[in-house]
Amino acid sequence: MTFDVDAVRAQFPILREAGLDGRPLVYFDNAASSQKPLAVLDAIRAYYEHDHANVHRGVHVLSRRATEAYEAARTDVARFVGAASPDEIVFTRGTTEALNLVAYAWAAFLSPGDEILLTELEHHSNIVPWQLVARQTGARIRAVPIHDDGTLDLEAFEALLGPRTKVVAVTHVSNALGTVVDVAHIAERAHAHGAIVVVDGAQAAPHGAVDVAALGADFYALSGHKMYGPTGIGALWGRASLLEQMPPWQGGGEMIETVTFEESTWAPPPARFEAGTPNIAGAVGLGAAARWMLDLGPAAIAAHEASLLARATELVGAIAGVRLVGTAPHKAGVLSFVTDGLHPHDIGTLLDEQGIAVRTGHHCAQPVMRRMGVDATARASFAAYNTLAEVERFAAALQRTVTLFG
Ligand code: PMP
């Protein structure tokens, strides 16, 4: 079956917006945030029009319907990541909050001298929470280096593993370079040393199937807004046996069993980690996005994006004065590059004038920028609704920009 990209595009009203040049906007900033299909927009609207009340608290009809919608979304996300049970899904504000949740809850099990192993590929949201927790517990951060092409140095990883390693926190896909990390291998080796494995899935979930059982990790974080869902919602998948051991990281309503002024006892997961009124409409939207991706077919989405990346790599790689940053053999739909003579911000502005939206900057991943010897890149990133024609328009615009201004 061929991938009908026109039928996909028709489901995204925002793709009819014009760019600065008056032509349809080419949206290549998907790694920062993707656009939303009607299925997601309609689900959020229908929820507010027909089902909204607070969840879990009311005996009345709307509270029951809101609770059902919220819990159905949990089931959708569980199915999307291949969780053993919906109880392994904690709704969060996004990947950042999911990673903070694990770090702060797991701080209870860390002691001075314990080691938290990160990698040079990490986004700041998989570095800074661990630094805060390291400061609080006396644990130490170590970082696995990468090779020049942006792949992880697995020999160095092996050498860094040891009896002190308690946590290995790693991205599944690098947002700055596009490198896909072999999480299954990392998890297997980390577990052999008794460490838990925390995966930042923000950039992997939008591009295809996630199978937490096959990855073998212990925690997996994702953001709704990067996978065709709304902003302000995300999820943490956690292995049930670990979630059950973890203390809460925030206190409030819904996460307790009993409260007196002397002490409180905790609700079982996932409620233990969802203090306060949750983002119900966001969860409904995320559930719809997960269903939408599963219906379209994660493998088909991944294959379509791989063809866009291959063409973009070929065309952009052939432009004189342009250098690709991140050339790992296994990449997801991200093309980072720099040019001779033009700062990435200028490239971004000049492409915007030609109706093409790309990201420029350090991509909240300063260590990887430093490692690659740049302070910023321009980054084109692809989604299911992008086309080969858009890739060609982008490459031609970049060629023109470099020729005129480079
Ligand atoms: N990790 C990675 C790899 C990311 O790309 C991002 C978003 N740029 C995040 C974490 C943070 O996601 P959010 O801002 O949705 O919490």
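Predicted model: local features only at pLDDT ≥ 70, side-chain atom pairs only at ≥ 80, totals over all residues.
**Entry 1: the cavity**

I then asked how many cavities reach 30 Å³ or more, and the count is one.

Next I looked up who lines the largest cavity. I noted Asn30, Ala31 and Ser34, then Gln203, Pro206 and His207, then Lys226 and Tyr228, and finally Glu305, Phe382 and Ala383. I sorted that lining by class and got five nonpolar, four polar and two charged residues.

Which domains does the lining draw on? I found at least three residues from domain 1 (5-30 + 297-405) and at least three from domain 2 (41-295).

**Entry 2: where the ligand sits**

I found the ligand in the largest pocket.

I listed the residues around the ligand: Thr95, Thr96, His123, Ser125, Thr171, Asn175, Asp200, Ala202, Gln203, Ser223, His225 and Lys226. By class, I put one of this shell down as nonpolar, nine as polar and two as charged.

Which side chains come up here, and at what distances? I started with Asp200, where a side-chain N or O atom is 2.5 Å from a nitrogen atom of the ligand. For Ser223, I noted 2.6 Å between an N or O atom of the side chain and an oxygen atom of the ligand. For Gln203, I wrote down 2.7 Å, again from a side-chain N or O atom to a ligand oxygen.

Last, I checked how much of the ligand is covered. Taken alone, the ligand exposes 400 Å², and the protein buries 84% of that.

Key:
Residues numbered from 1 in each chain as written. Heavy atoms only, no water. 1 Å grid on protein atoms, 1.4 Å probe; cavity = no way out; pocket = protein on both sides within 12 Å on 5 of 7 lines; lining within 4 Å. Points joined across faces, edges and corners; volume = space filled by probe spheres on them. Nonpolar A, V, L, I, M, F, W, Y, C, P; charged D, E, K, R; others polar. Domains from an automatic or database assignment. Near = heavy atom within 4 Å. Polar contact = N/O pair within 3.5 Å; in protein donor to acceptor, adjacent residues only side chain to side chain. Areas by Shrake-Rupley, 256 points an atom, 1.4 Å probe, with all protein chains shown as cover. Sits in = over half its atoms within 2 Å of the grid points.
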